Amino acid sequence: MRKILLVTLTVLFFSLVAFASDPETFVNLTIGEPETLDPLHSYDTASGEVILNLYDNLIQYDGESVTEYLPMISTQVPSVENGLISPEGTVYTFPIREGVKFHTGNVLTPEDVKYSFHRYILGDPSGGPQWMIIEALTGGAHASVESWFEAYSGMPYSEAVDADKNVVSEEARQKLISFYEEVVSPKVKIEGNSVVFTLDAPWGPFMNTIAHFGSWAAITDSKWGIENGAWDGKADGWWKWHDLEPQESPYHNADAGSGPFKLVEWDSAEMKVVLERFDDYWAGPATIKNVVIWGIDEFSTRKAIFEAGDADIAYFGAPYLDQAEALAAEGKAVVTKGYPTASITSLHFNWLVAEGSEYLGSGKLDGNGVPRDFFSDIHVRRGFAYCYDGATFVDEVLNGLGELVPTDLPKGFLGYDETLPLPEFNLAKAAEEFKKAWGGEVWEKGFKIQLLYNTGNDARQTIAEMLAYFVNSINPKFKVEPLGVQWPTYLAAQRNGFLPLFTIGWLADYPDPHNFIATYYASYGAYASRQGVPFQEWAAANVDAEISAAAVSVDNEERIKLYRSVQEKVIDAAIGIPLYMPTGLNVRAPWVEGWYPHLVRSGFYYYQLSKNQ
């Protein structure tokens, strides 16, 4: 093992030497790699970090604030006072900056802004981020383009378009075309040199939703996209580009942005992304010339490279806080810790695993596997929940850089209720629940199941190992097996519904409780499809109405009551285990300047960073 590590270190050191000797090159050692570079599909922090450096949005946050904005592609930040937001709060006008260049060489126009948002709405991939745009434009009435189409046409989308993306009839074709022309197109239109958004009702988080750091609202080069096989911009046939897989998009591993950096290389085999300064950036070129974002899952390797001075930032998970502080004491690092994060890490259960999963063993309750609907039994879910020793995990694994919370809502957000019960570690109660599960068959026959985590995420690995240890200790017939896989594999298996239970993290898209409550618990939430159809049916019957009512209410007291009710129901139903709310930890070299924490930023915005060497 030591020999393998030394070989790995040698290869990486030689690979980095050209970068490390250049004060204009910034090296970030992280874990994992992007899933995609297409803003339409991007819904993970690794993808988001690259995209926020390649692409611009209409507006950007002002420093650390999440309520104040600065212009970006729009030359002004809309407000009621400057006349760019209508008095009733439903029409937003964005004057588009002239002369902005894309990395492709094309010049950005209002057409690119319109195309970007139309493509996002129509493309709306399952489990993707575009529900936020659709929800904002429809005043919370819809969270998918398919639901929106059915409400307009009276025809379910699945009855209009078959599995091969062909229309089933001429009537369906006309309804699909009319839906785009009469409903979607007017929502984002061009007036002179401005782009105008028209919402069905006021939507408080709209500006947060479209601001920079939100990759799902990045402005892409429409001409390049159309030339390379993306949606052709026409009403007839738009459905052929709806709900594609990320790799089916020409934007998936390419760069059609106008941001301060352009893509040089994405080497998936080495989990490495290389960016280069875009000297024609409209706001002036970045200080840093090159950026290397390198996924190195093995901590000892990351630390050794960083300690040698050959990297500028390195990912130190909370379990390694003591080692980070030791480097700081030697003058080799600057450590910032304990700052607030708008994030929750949870474990959730899949009530009906998708067919074809390889993580169910025999697929039967026979001691060698579990059936696809294993977690549809509430006693199984409660049994697992009682096996989580959260207090020990936060204190001993996270070194105190986290807090236990009652549900998947961060402390400090509207609706957070400290009187709700925290996760309880109680193996006696866990045994009682398992004895009731599946009419006693679980206890009698036992089960075997795999619990995946993404390699390099030591906190998730420890959670998997701890949970497996305690569940397995209850009954010798119980076999929970932790399994580490690379991030894209983990994310794909999760998104496709193949994982029977899974650990997930959520960084706020915007700082409003709806972004957590709907995401985790609504039948249309980003994680709903990963928890199976029976869960979605439960959510639709029990919490959807209250979640929707809270989203559109302007009465905070009413919102608090509704969120309390939703949280009580999900606790009672043991929907999942809120593992912890992390507090921040950043480890960087002493010469790094310009870094500051931000509640909704994925990774680092290299345009704001520099090296004082």
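Q: Why is lysine 272 called buried?
A: Buried means under 20% relative accessible area, exposed means over 50%, and partly exposed is in between (1.4 Å probe, protein chains only). Lysine 272 has a relative accessible area of 11%, so it counts as buried. By the way, this is a predicted model, where local features need pLDDT of at least 70 and side-chain atom pairs count only at pLDDT 80 or more, while totals for chains, interfaces and linings use all residues. Residues are numbered from 1 along each chain as its sequence is written, and side-chain values use heavy atoms, leaving out hydrogens and water.

Q: What makes glutamate 270 and lysine 272 a salt bridge?
A: You need a side-chain nitrogen of Lys or Arg within 4 Å of a carboxyl oxygen of Asp or Glu. Here the closest N and O atoms are 3.7 Å apart, and the pair forms a salt bridge.

Q: Is glutamate 270 buried, partly exposed or exposed?
A: Glutamate 270 sits at 36% relative accessibility, so it's partly exposed.

Q: What makes aspartate 200 and lysine 187 a salt bridge?
A: Their side chains meet at 2.2 Å, N to O, and that's a salt bridge.

Q: How do you know which of those two is buried and which is partly exposed?
A: Lysine 187 has 10% relative accessibility, so it counts as buried. Aspartate 200 has 48%, so it counts as partly exposed.

Q: What about lysine 114 and glutamate 111: how far apart are their closest N and O atoms?
A: They're 3.6 Å apart, and the two residues form a salt bridge.

Q: How many salt bridges does this rule give?
A: The count comes to 27.
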